[in-house]
Amino acid sequence: GDSRAARKELQKLERQLVQLDKREAELHASMAEQASDHDAVIALNTELHAVRAQKETVESAWLELSDQL
């Protein structure tokens, strides 16, 4: 029933978190590689903030859902 759907949604959210963590790590690596390129760092930092915001949203949804199980 509902708990099965909730568990499936939790798994989906967990996969999203893994992807976002991976992207965050890639962005950190790129920022380190391109540290001397100010414009590149600004662009990467902007994306990093977006990734972190998305991660917070997904984590909140995950916590809310896990409380229901």
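Mentor: Buried means under 20% relative accessible area, exposed means over 50%, and partly exposed is in between (1.4 Å probe, protein chains only). This is a predicted model: local features need pLDDT of at least 70, side-chain atom pairs count only at pLDDT 80 or more, and totals for chains, interfaces and linings use all residues. Residues are numbered from 1 along each chain as its sequence is written, and side-chain values use heavy atoms, with hydrogens and water left out.

Trainee: Why is glutamate 26 called partly exposed?

Mentor: Glutamate 26 has a relative accessible area of 37%. That value sits between the 20% and 50% cut-offs, so glutamate 26 is partly exposed.

Trainee: What makes the pair of glutamate 24 and lysine 55 a tie between parts?

Mentor: Glutamate 24 is in helix α1 and lysine 55 in helix α2, so their pairing links parts 31 residues apart in sequence. Helices here are DSSP runs (H or I, at least four residues), numbered from the N terminus. The closest N and O atoms of this salt bridge are 2.7 Å apart, and both residues are buried. Salt bridges with shared partners also join Asp21, Glu24, Arg52 and Lys55 into one network.

Notes: Salt bridge = Lys/Arg side-chain N within 4 Å of Asp/Glu carboxyl O. Helix = DSSP H or I, 4+ residues; strand = E, 2+ residues; numbered from the N terminus.
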